[in-house]
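Please look over the sequence and the model shown here before reading on.

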Amino acid sequence: MSQPTAPISTNASTPTNTIPNTLEIVNLRKVFGTRGKAGGVVAVNDVSFAIARGEVLGLVGESGSGKSTIARLIARLYTPTSGEIRLNGQPVPSRLGGRALRHLRKNVQMIFQDPYASLNPVHPVSYTLKRPLQIHGLARGDTEEQVNSLLERVGLSPASTYASKRPFELSGGQRQRVGIARALAVRPELILADEPTSALDVSIRLDVMNLMLDLKDQEGLSMLFITHDLAGARYMSDRVAVLYAGTLVEIGPAVEVIDRPQHPYTQLLKSAAPKPDAGLVPETIEARGEVPDLKTLPPGCPFEPRCPHALPECKAGLPRMYDVGEGHTARCILHDPAVQARRGQEVGVSR
Amino acid sequence: MSGLRQFFGQPRSLVGAGFLLILLVASLCAPLITPYDPNSLEFGPFMPLSAQHWLGTTALGQDIFAQFIYGARLTLLVGAVAGLIATLLSVTFGLAAAYLGGRVDEAINTLINVFLVLPGLPLVIVASAFLRGGGVWPVILVISFTGWAFGARVLRAQALALRERDFVQAAVVAGEGPGRIIFREMLPNMAGLIAANFFGAALYAVLSEAALSFIGVGDVSLVTWGTMLYWAQAKGALLQGAWWWVALPGLGIALLGTSFALLNFAIDEISNPKLGRSNVKLPARKKPAPGAGVGNPDALLSIRDLNVGYLTPGPTVRAVRDVSLDVQPGELLGLAGESGCGKSTLAFAVTRLLDPPGAVLGGSVRLAEHDLLNLSPEELRRVRWKEFSMVFQASMNVLNPVLKIREQVYDAMQAHGVTDKQKLDARARELFDLVGIQASYLDAYPHQLSGGMKQRVVIAIALALEPKLIVMDEPTTALDVVVQRQILQEINDVRRRLGISIIFITHDLSLLVEMSDRVAIMYAGEVVELAPAHQLYAHPAHPYTQQLMNSFPPMTGPRTRRSGIPGKPPSLSAEIVGCPFFERCNKRMPGVCDVKPLQTFPVAEEQTAACFLYDPTVSPALKENAIRDSQHVQMEVSRESAHSANLN
């Protein structure tokens, strides 16, 4: 499938200087379950975006939208079917091994969704944190001290009491802090956080998010923050990207995208999110059906079958990303000047 | 390790391990126990039981007791070594298949299946016939090579599941190599299964050896329990009246097999706790005090002083503590709280679905004229679905995958006496229309429906007999936001149209405030605040509610730093003195909140809070101090954060 390459640009306000983007992915694609046969599930459909140094990109979508798959492609838990991943401007080779792989593992770390599943129940915290240091040759004389300082940094103090604990002795929030400490241990440049708070109780989510923001500021980290929660994405992210059925449908500055969504799917997501502050009047949403089966996606815009604004040409092919200003782009034909001109002054997507 | 303590804490494993130990010691110390050589032929044939020969002698004049004790050596050796080799093979093949995947997995899997399909004993017999007479080792090898496949299949499945677990993925991301991942991350988590597998294989080996020897394909010149049986049979022991010659090795084999099986079960149960049965005895429920249990006479559902706990070998986990709630006809009561606050336990207790070790410790639940907690099983069957029904979080999984949706919708109605096919069909169509599914899906199977549609079917079934009350526990949590919103709209429409009451339980307070008439907030087993939804939203009274509301990042307005609630809820197995939220509260009053027994106080009309800030007997100065301190802290926390400033 060929399509125009989405512009690789980050925040418009970022000066175009010499610091390369920490991460760029270009037309990244993952097809599952082919095994040489035709067909298969297109989990990630030619997605392109970039994350600048020190930036948090929120990646928003529902289950099956491909957001976790993208993180696992970048972390090389899966091999991409096609497309390119660049770290600091350097392409990551499609066949990875030896030094190149270790370089990737050292610079890209992941925080997992479920802290009850992501820590090995048989190992004490100190083992979990020591291993990354040893693997990447960062262990200095006293690893115990390094482990303790990691624990202190993620707010688990006094560290010595936590280091010897096994996961079952910790609460969900404490476990997730250990997960964050493990990711930080090797001083990576990029952290892929796959729904790091959705398995946690509401009352501790914010503190975990705050911790991640603080660490990002202190360490100058770049972060991919994956979530299905628009409010959380708005809180955490500098920019937000919205995925639908494996396709990137909208990307831009976080407040721009969430306060003034330009793609009908983002608008639907926003109207469906609970918001008691909207005045206690439940919003009635306009949506037909559910997320389509990824095996039988329509040839055009994947959202067309459910879209309240669908036009005949939406079926023709996947629309390109249209620039809607402020570094904000949306993959919707309603932003096409020709379509807008034809529909007179009426712009189908309300601002 | 708690696993070991658990292992030796149960009679099963103690009996198994004890018998094994006795046998092992006895066989090793055989010369101390019996003065005779098992192979010595110096005595007369078929001597009766006597002080010299406790169990008499064989046809060839050997001492039977000596044979039994010495025979245990080889029998145990065969069991241990063959069990070990078979387990080693199972682990190697199982892990290699699971870890390497692809063609290796296919090849190994085929091999496993071939071995499983081949009938075990005939294979052993044929194989050992070739190796006949070479001592005990050929027997051990033959048994090992025929006994590994079952274990390999089980271990492969376990390893496949482990491989996908996040902690293994995390080790890959950390840069661990395959060796470390297999031996340090995966293998320790399979220890229980491997141990159980060893005892299973050892059992198989002992039985196979006995069978082989008995039919004479082993090396019958050795002394094992199997060869004892062979010679007893060959020399007509029973005809000579020497039944003990047969009985003793037979009993030995049976007991050894039993102890291996006991150990296998015991380990299996520890590594898979769901197999365990609860042995805890339920206490008698406290009778409610006279006059209690009445509640609000207008209410449809009246819960009074309900206490629910989980009985553990240690202290009882008191998951619901003195909860009193009323639900009015047609009302949607929201019940919010974090994981472990007791909200689901409350739902299970009210709907009489609580399983041991959970138990109602006291209080009453009245629905219309029914005293729910005292209904007999037969009365309960008649009331359930007709008077009240339930929808649970993963309830889309309650649909039977091999039955058409139609049959499952009919089921509840038929159980309550609706048998007319036309009436059933008409009602089913009506229900599907109510929850927004096309009637054509009645003839589909569950797998043909999406998660959202299955949950709608479950809601339709819950509505089938027009109950007065539906208890919904996180009915939409597993669903995506858009589908969740659609289903919430249907629920709201339906309940307004039919005038049913709903208890809606969720951890998502923001959602609850939007859709409920009244909201109850639970914390550590207690209802800490109860108020109309709009009142709770505009003027939350309890500091926990206030802090919880502040824990949701807003969808609009400027982006500012917010803080969550520090700390964690208290353990529910501990006795809590005073307010359970004291440790985490930003408005706490030391000397009051951690001392006085918790009480509920009126705050405004229809609003109550279990908080001493509303206790008229506490001095106003103390309250003002606490509130002022919390605001001071708030100022420090809510800085306009840098990350919002550099964005706009």
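## A helix, an interface and a sheet

In this predicted model, helix 8 of chain B has as its buried residues B:Ala149, B:Gly151, B:Ala152, B:Arg153, B:Leu155, B:Arg156, B:Gln158, B:Ala159 and B:Leu162. These buried residues of helix 8 pack against several other helices of chain B, namely helix 4 (64-100), helix 5 (102-117), helix 9, helix 10 (178-186) and helix 11 (191-214). Helix 8 itself covers residues 149-164 of chain B, and its 16 residues reach 23 Å from the first C-alpha to the last, which is close to the 22 Å expected at 1.5 Å a residue.

Turning to the two chains, 52 residues of chain B are in contact with 59 residues of chain A. On the side of chain B that touches chain A, at least two residues each come from helix 9 (166-174), helix 19 (481-498), helix 20 (509-515) and helix 21 (533-538) of chain B, and helix 9 gives the most, with 7 residues. The classes of the residues on that side of chain B are as follows.

| Class | Residues of chain B on the side touching chain A |
|---|---|
| Nonpolar | 22 residues |
| Polar | 17 residues |

In chain A, 8 strands form an open sheet with mixed pairing, in the order 6-7-8-3-9-10-12-11. Strand 6 (108-111) and strand 11 (322-323) of chain A are its edge strands, each pairing on one side only. Strand 3 (residues 56-60) and strand 9 (residues 239-244) of chain A pair in the parallel sense over 4 bridges, and A:Gly58 has A:Val240 as its bridge partner in strand 9 of chain A.

Conventions
Residues numbered from 1 in each chain as written. Chains lettered and ligands numbered in written order. Predicted model: local features only at pLDDT ≥ 70, side-chain atom pairs only at ≥ 80, totals over all residues. Contact = placed C-beta atoms within 7 Å. Nonpolar A, V, L, I, M, F, W, Y, C, P; charged D, E, K, R; others polar. Pairing = 2+ DSSP bridges. Expected span 1.5 Å × (residues − 1). Buried ≥ 20, exposed ≤ 12 C-beta atoms within 10 Å, placed from the backbone.
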